[in-house]
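Please read them alongside the coordinates.

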Amino acid sequence: MMISVRNLDLTINGKTILNDISLDIQPGLWSCLVGPNGAGKTTFLKVLLGSARYSGSVKSDGVEVFRNHKRNVAFVPQQPQIPQGISVSEYVALGRSKRDGWGNESSQSREFIAKVLEQTNLYGMQRQQISQLSGGEMQRTLIARALAQEPDLILLDEPTSALDLHHQIEVLNNLQFLQKQGVTIISTMHDITLAAMYADRIIVMQEGRVLADGASSEIIHSPELRTAFDNRINVYTLDSGRPVVIARKDEKDER
Amino acid sequence: MKGEKRESSARIQGISPIWNWRTTFICAALLLLVGLLAISFGPIHLRFGEIIKTLLGMDGGLSGQDRTVLIDLRLPRALLAALVGAALATSGAVYQSVFRNPLADPYLLGAASGAGLGATIAITNAHGDVYSLLPIFSFIGGTLAVLTSFFISGKFFAEPQSLLLSGIAVGSFATAIQTYLQQRHSSSLRPVYSWILGELTVANWQIVTWSSIYILISLGVLISISKQLDGLMLSDEESFSLGINPNRLRMIAVAAATLATATAVSASGLIGFVGIVVPHLVRGITHRVTNRNLLTVALAGAAFLVLADLGARTLLSPAELPIGVITAFVGAPFFLVVLRRRRTL
């Protein structure tokens with residue numbers, strides 16, 4: 001599923017959120033949107049989902065995304081709605097609705113849900129109330145719901161921001177496993193080091209524009225990445241060759 | 001092969017909800033039973049066998065005064081109670097999921113206060129028989145109040161909570177005018193008051209017929225979209241990704257639930273508690289939050305109100321208790337027990 005974005009603009013109440021974006025997203029790759037808060041990353045994800053109004057053109061397989069109802073795209077929000085009184089398996093089962101029709105889970109679907117729960121390390125917790133889960137379990141449940149959809153494309157808004165280091169890796173490994181099965185992944189991520197570790201491609205955004213776009217290994221050393229963060233980051237390379245990005249503390253901050 | 005199959009069925013244990021037909025069936029049976037009781041008991045006791053024969057048009061049925069009591073008094077009243085109960089319970093369940101608020105009730109968007117104002121205007125300005133005009137006035141009042149809430153909030157598409165707030169504001173405004181009118185015309189205080197507490201004494205075939213049209217249509221709509229309403233438990237983007245247009249779905253759901261509520265209020269006054277208690281009761285019994293059991297909720301609401309009306313008619317006979325008193329009196333403790341057992345809403 002090839003996505004091509006041409007001259008994408010989006011304004012809300014006179015404020016420009018996305019400004020003249022043009023790019024292509026190849027199927028099967030993991031692209032990561034990186035940039036400071038307010039850069040328009042989440043809005044761009046919503047445009048790619050097809051739920052936001054925009055001007056310009058965003059085509060998936062040649063059809064504008066908001067009109068293409070055949071696509072199977074999953075979305076994992078940063079701040080989830082956590083419904084009360086619903087169990088993990090019921091929540092994950094909601095992801096099957098597009099395939100089976102609402103409220104008609106087939107027995108194959110129930111098998112598939114069991115598989116997804118095993119894959120995300122949630123099997124055995126299916127009867128537990130979702131509102132009583134820990135942050136890490138919650139995030140895995142959100143992703144399990146998206147996986148239950150068997151999507152061709154999965155959009156994730158800061159999938160790791162609520163997690164400790166160990167669980168961050170766990171969630172990202174899950175996504176990498178999915179990517180190996182041919183699913184296209186587009187995520188936003190604040191941790192640029194992790195983004196460079198997992199994503200094939202990094203798209204740097206600032207104030208609604210794309211500043212830089214290319215292979216992760218190149219973008220991470222680019223001056224545009226520093227510009228996007230007001231030159232307040234340092235990029236080091238470890239002995240293993242892996243790049244590490246950390247925030248810089250200026251002298252003037254100490255006063 | 002066989003072992004594999006057994007293993008897989010063990011694996012999917014506790015996974016994925018199934019439609020709970022059993023509860024639906026029990027509620028339907030309960031409604032029938034309660035309905036039969038309701039038309040049988042009263043100052044004149046009618047026998048089950050004769051009632052059934054009369055209803056089926058067989059020989060040996062009731063005749064004379066007994067027949068009139070059954071056909072013209074008790075039957076329309078029980079039917080109206082069932083319709084109103086089903087309408088309030090279902091709208092309550094739908095409002096709760098649309099606004100993602102377990103405390104939402106059918107009167108939330110000002111339908112009740114608007115209808116109350118309409119009824120008060122009718123009662124305080126009427127000459128002669130007001131009761132035939134009451135339903136029309138309160139229906140207009142209720143619908144106008146909800147439309148005003150929609151109009152003021154404007155941001156419904158961005159934020160369902162703002163609709164909720166404007167509903168509360170419109171509701172208080174309507175109540176204020178109503179209280180003012182009530183004080184100005186203190187002679188009509190009593191009929192207004194008894195209408196506010198809810199009553200089904202005015203039930204006749206005419207009211208049953210027109211309210212059944214609106215209520216059955218809106219319940220049909222709500223039950224047909226009930227499975228998709230589950231999608232509103234997710235964030236808007238997630239439900240969109242599952243093929244739902246969340247704003248359109250909310251619009252349809254709120255419109256249908258409001259029509260049902262306004263009709264119920266105009267036919268019977270304000271009957272509290274049904275819209276909150278019955279949905280949670282069904283959820284508590286089925287251990288399930290989803291809207292798939294909306295039909296069960298409707299049947300349970302109908303049975304609950306028919307039973308409550310039976311109590312209202314017979315407990316202090318020949319005097320009548322307002323049915324709203326019964327629903328709260330029975331509903332509240334029962335609700336608390338379920339709540340305590342479940343510990344979550």
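Which residues of H4(A) are buried?

1. The model is predicted, and the points below should be read as describing that prediction. The buried residues of H4(A) are Ser109(A), Phe112(A), Ile113(A), Ala114(A), Val116(A) and Leu117(A). As background, an α-helix has 3.6 residues a turn, so residues three or four places apart point the same way.

2. The length of helix H4 of chain A agrees with expectation: its 13 residues, 107-119, should span 18 Å at 1.5 Å a residue, and the end C-alpha atoms are 18 Å apart. Asn121(A) follows H4(A) and has a positive phi, near 65°.

3. Over all chains, a search of the whole structure finds 9 salt bridges.

4. In chain B, Glu320(B) and Arg77(B) form a salt bridge whose closest N and O atoms are 2.9 Å apart. This pair links distant parts of the chain, 243 residues apart: Glu320(B) is in the loop between helix H14 (294-314) and helix H15 (323-342) of chain B, while Arg77(B) is in helix H4 (residues 64-98) of chain B. Glu320(B), with a relative accessible area of 38%, is partly exposed, whereas Arg77(B) counts as buried at 10% relative accessibility. The two also belong to a network of salt bridges that links Arg77(B), Asp309(B) and Glu320(B).

5. A further salt bridge joins the side chains of Asp236(B) and Arg250(B), at 2.6 Å from N to O. Asp236(B) lies in helix H11 (residues 236-241) of chain B and Arg250(B) in helix H12 (residues 246-268) of chain B, 14 residues apart, and the pair links distant parts of the chain. Are the two partners buried or partly exposed? Asp236(B) counts as partly exposed, at 23% relative accessibility, and Arg250(B) is buried, with a relative accessible area of 1%.

How values were computed: Residues numbered from 1 in each chain as written. Chains lettered and ligands numbered in written order. Predicted model: local features only at pLDDT ≥ 70, side-chain atom pairs only at ≥ 80, totals over all residues. Heavy atoms only, no water. Helix = DSSP H or I, 4+ residues; strand = E, 2+ residues; numbered from the N terminus. Expected span 1.5 Å × (residues − 1). Buried < 20%, exposed > 50% of the residue type's maximum accessible area, 1.4 Å probe, protein only. Salt bridge = Lys/Arg side-chain N within 4 Å of Asp/Glu carboxyl O.
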